[in-house]
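Please look at the sequence and the structure below, and then follow the paragraphs that lead through a few of their parts.

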Amino acid sequence: MSERLSNAPTPEGEYFESGRFAGLSVLLGVIAFVALALCGAGAVIDPRQFGYSWMFAFAFFFTLCAGCFFWTIVHYAVDAEWTVVVRRQLENMGVLMGIIALFFIPIFFLRHHLFDWMNIPAGTEENLDSKRAYLNLGFWVVRAVFFLGFFIIAAQLLKRFSVRQDKDGNPKFTIWLRRVSFISLPLFALCITFAAYDWFLGLQYRWFSTMFGVYIFAGAAGSSMALLVLVITALRKAGYLTNVVTVEHYHIMGKWMLAFCIFWAYIGFGQYMLIWYANMPEETRYFLVRNTESWWYLSMLLVFGRFLGPFVILLLQSIKKHPHQLCYVAAWTLFMQLLDMYLVVLPALHGTGIHLSLWDFVALIAMGATLAFAFLRIVGKTSLFPVRDPRLIESLKLVN
Amino acid sequence: MRTPYGHEVYAMAAEYPSPHALYEAAKMVRDAGFKRWDVHSPFPIHGMDDAMGLGKSWLSAVVLIGGILGISTAMFIEFGSSWGLYPLIVHGKPYDWKVVPAFFPIMFELTVLFSAFAAFFAVLIMNGLPRPHHPIFNWDRFARASNDGFFLVIEARDPRFTEVEARELLERSGGQHITIVHED
């Protein structure tokens, strides 16, 4: 019910011309190739430090991809309208999970440098022996295959059905996608929770926190919404989606960023306060490392930068309705997610303080460039928004 | 303004067949320059505030003030008692600023509580509630506003209001059952 119907998009959809960005694509490919080659060297020169650096980069990009996957299944599960015009980009980033799964292979080979529990023989540590039913190599590999396999298969189904609907607009695909999403919702919750336990919590096997899975999820959902804002804005800057995505969509994306900024703080503080208040030695070791020495400064930066700053800024309606300004907040949120993952992974190695390594950057650039390269390859193959989605018109006319 | 029979006039009102018709009518009334008028529908209509030219509500500012008052109150009673009046070591925790995580739950709760109170009472005051009776109920058809009726009411106290102009505008916008509503 608005005046925006006059500029309805063409039924053919909009297509990203990969040729226009061939230079960028080649540049990213070269960077990715060089950085990955350097990574190979790093794995040989300093496997322990490199393993943690790689794990840090993996945590960052895995949470982003999982978050995009989450928003896609939520879209179908709740039959949302506003997401339709931005959904194709969420699908595109979701299918990158296939490459994330490849990035897991080095973690498998470097596992003895990362996961101390794998190096301790049975019978030496009673606490660990009581966890052996869960923490054993065979089950750990089976779980990893299951988590990544689920993400890959479900993300591919979401993308394929959605693309097939572009051709004929058959509403049966929406029904199928809804079924995929209903099945995926509980599986997603289990996968991201136990993946967080296995890969990130497992770095400090003596520590335990039932909140940790939700904590990783909260960061993933919020930062992937920030990533979506940046990707959509980049496409609009390149001249696409200009009549399709409006300030109303930005407003909603901003609201979600605010919501998950608060949710992240709620979960993070809920996890911290109970452990801090009870003050039991076997629980406090995780935060003890992160609250002492130079790590303390980064932890404080996280409190203010991930929560307080964006919270106050995103409260303003004018920011959320201003794409340019929202992009600054989104970029900052992504940076804070990076810091968050750094604080989850690296203190497990450098218990005595911040120790920046060259490999932190190399691993991050290698993964980022590879994923960006793959994204540029994928994005041009289909329309930039689902052209025959039954709810497209509602999404175009969105007012909130 | 009075009718020939001596009744004080409250407003000129019309009924519309659909939310869309009401939405379009609202835009016409807005563009005609009326200020004191309102629409009534059984459910919220997206975009109606724009169509009515309402602008941003002041409610959020009131709620923000409520929230700031809430967090200040919590900080005052917590820091005041723990640092100033009775500095005790409880649960092995110090009583300097590092103990602040223990205070966060109260700060959060009072922020939410005061914001909710501010929102609740501000909504009542801004809408002129509680109000036992309203002149618009003198119109029988208006009972359907909570069921399936869509209404637009231009009040007589609007400076631009004249009987002829208001009636003509409502007719032009597709209003049905156009009527004058009495004040009493």
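Two strands pair if DSSP finds at least two bridges between them, and the strands themselves (E, at least two residues), like the helices (H or I, at least four), are DSSP runs numbered from the N terminus. This is a predicted model, in which local features need pLDDT of at least 70, side-chain atom pairs count only at pLDDT 80 or more, and totals for chains, interfaces and linings use all residues. Residues are numbered from 1 along each chain as its sequence is written, while chains are lettered from A and ligands numbered from 1 in the order in which they are written.

In chain B, four strands form an open sheet in the order 2-3-1-4, with antiparallel pairing. Strand 2 (37-40) and strand 4 (176-182) of chain B stand at the edges, each with a single partner strand, so one side of each has no neighbour in the sheet. Within this sheet, strand 1 (residues 9-16) and strand 3 (residues 150-155) of chain B run antiparallel and are joined by six bridges; B:Met12, for instance, has B:Ile154 of strand 3 as its bridge partner.

A:Thr352 is exposed, because 11 other C-beta atoms lie within 10 Å, where a residue counts as exposed at 12 or fewer, buried at 20 or more and partly exposed in between, with C-beta atoms placed from the backbone. Although A:Thr352 and A:Val289 are 63 residues apart in sequence, their C-alpha atoms are 7.5 Å apart in space.
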